[in-house]
Amino acid sequence: MDNVYSLLAFVLLAGMILGSALLVVTLRNLVHSVLWLIVMFIGVAGTFLLLNADFVAAVQVLVYAGAVCIMLVFGVMLVQRPNMEHSNPINWRFKLAAPLVGGLFIVIGLLTAKSQLVVSGQEVPAQTVQALAPILLNDFVIPFEVAAILLTVALTGALLLVKEVKANGNGS
Amino acid sequence: MENLFVSMAAGIRSLLGSGGLSEWATDFLVMFLKLGAILVYILVSALWLVYMERKVSAYMQCRIGPNRVGPMGLLQTTADIGKLISKEFIIPKDADKKLFLLGPILIFMPPLAVFAVAPFGKGMVAIDMNIGVYYFLALASLSTVIIWMAGWASNNKYSLIGSMRVVAQMVSYEMPLILSIVGVIILTGTLNMSDIIHAQENVWFIFLQPLGFLIYLIAAVAETNRAPFDLVEGESEIICGPFTEYSGMGFAMFFLAEYANVVLVSVMATTLFLGGWLAPFGLTFIPSWIWFLLKVYLMIFLFMWFRWTYPRVRVDQLMEFGWKVLVPLSIANIFVTGIGKYLYHSLGW
């Protein structure tokens, strides 16, 4: 951390992320959970901004807060319930869950403390986008295109499936 | 005149500096003032645009329009807002109270946040962000969720149908909106708004990217939920869509936010396609910020012209047009632009 301000911002953002993430899993109303999830994603974007990764922060807002949560909204609206209260089932088995989660947390903490994190001594690049483009479209163009084809196939497949169901519905 | 606002900012900075404030505090205060000025501009602009809309529609329908309150009816919207403030804000019994109240508060946030990167004139950009265009797209996508939240919280069937339409429509038209801008980004190789304007010194991108501009224009009308794509609040079908249950100032906030969004997409169209604050034909004696505002209001007039000319499209037509016409066209535009740029470079023109 450079100075006291970035530390303060980090603490605030971390509190925002953890608090809203906790609300996502504990609130009983699924719609409230989705909205808190958006707050959580924006908090993560803020953390990226704090690390000078402005492009990743914008991707976080556009893709996660803007698009993924919209998909969740569609999912919520397809749930056929007269009202949304108690639509988010919670597992209240604290006795089982608490040691499990606590143990996992301790393991991750220990591993993080033990591992040697490599910190690059280089200056943070002012322009991250220009550095990203050649990596995506020159060095890793094959995986990039394969991912694109995969997504297109998935999209077309989903459309085909929906069409089939519709045709059957009309026929019967 | 040209440097009116720039020298005003410099004057305030030197005034604060001589007052014995530290460098950091001065920067902070000047930035605060800049953003405050943008905020005031947007709010006043939204207020007057309602008047402009009513006047434009009146002349298009051979009427006179508001002409009683103030000179030429200029104070009509001020009186309207006064009326709306004095009205009772009714919260439905079964509404989700907190979310219902949050809706009109949050609705102004995305457009206002985006204006921070808008270049209003030469050297008149509050925050010159490297990824300005991308920032605009990212934050603009958030308003979908806010309108949906307001509609859902109202607990009204018309609101719910309207808010689902918002989600479907805005997600469908965000795709062509983003893809149509990619053409400009390929040509300039930057996401910085000021650099994009500088790249248009010889020729505006509306001439290099006519298809991109057309797609942007159509998608922008749909994104702002205005006619002919105002299915979201199709009065004859679903009363007022997500805003049905809102009364008084709550309704006014959504109403004004629509105009703030219109200003926003017009500012972006001006920046990306119409050369921003660059003066055409070398008419540089007119200050850059006046050129910018002229172009923005020309775009806004175009949007109003659309609204009072075309009838509303049907839901299925809207979706088919978005996915089967605009998206393929914008992808083709990217393809042609990419090949064109490659040829241009390899021929060495």
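Predicted model: local features only at pLDDT ≥ 70, side-chain atom pairs only at ≥ 80, totals over all residues.
Local features need pLDDT of at least 70 and side-chain atom pairs count only at pLDDT 80 or more, while totals for chains, interfaces and linings use all residues. Residues are numbered from 1 along each chain as its sequence is written, chains are lettered from A in the order in which they are written, and side-chain values use heavy atoms, with hydrogens and water left out.

I start with chain A. It has six helices and zero strands, where helices are DSSP runs of H or I with at least four residues and strands are runs of E with at least two, numbered from the N terminus. Of its 172 residues, 22% count as buried, buried being under 20% relative accessible area, exposed over 50% and partly exposed in between, with a 1.4 Å probe and protein chains only. Taking contacts in chain A between residues at least 6 apart in sequence, 64% join residues at least 24 apart; contact means heavy atoms within 4.5 Å.

An unreviewed UniProt entry annotates "transmembrane region" at residues 6–27, 34–51, 57–79, 100–120 and 140–162 of chain A. Such annotations may be inferred rather than shown by experiment. I looked at two of these spans. Residues 34–51 of chain A are 94% helix and 0% strand, with the end C-alpha atoms 26 Å apart. Residues 100–120 of chain A are 71% helix and 0% strand, and there the end C-alpha atoms lie 35 Å apart.

Next, the interface. On chain B, 25 residues are in contact with 24 residues of chain A. Between them the chains bury about 2,100 Å², 82% of it on carbon and sulfur atoms; this is the accessible area (1.4 Å probe) that the two parts lose on being put together, summed over both. Tyr134(B), Trp148(B) and Trp152(B) supply 26% of the area that chain B buries against chain A, more than any other three residues.

What about charge across this interface? The rule finds zero salt bridges between chain B and chain A, a salt bridge being a side-chain nitrogen of Lys or Arg within 4 Å of a carboxyl oxygen of Asp or Glu. On the chain B side, helix 6 (132–140), helix 7 (142–153) and helix 8 (157–188) each supply at least two of the residues that touch chain A. Helix 8 of chain B gives the largest share, seven residues.

Over all chains, the structure holds nine salt bridges. One of them joins Arg226(B) and Glu53(B) at 3.0 Å, N to O. Arg226(B) sits in the loop between helix 11 (210–223) and helix 12 (235–238) of chain B and Glu53(B) in helix 2 (residues 23–60), so the pair ties together parts 173 residues apart in sequence. Both residues, Arg226(B) and Glu53(B), are buried.

Glu53(B) also forms a salt bridge with Arg307(B), the closest N and O atoms being 3.6 Å apart. Arg307(B) is in helix 14 (residues 288–307) of chain B, so this pair ties together parts 254 residues apart in sequence. Arg307(B) is partly exposed, at 24% relative accessibility. Glu53(B), Arg226(B), Glu258(B) and Arg307(B) are linked in a network of salt bridges.

Last, Arg312(B) forms a salt bridge with Asp230(B) at 2.9 Å between the closest N and O atoms. Arg312(B) is partly exposed, at 28% relative accessible area, whereas Asp230(B) is buried, at 8%.
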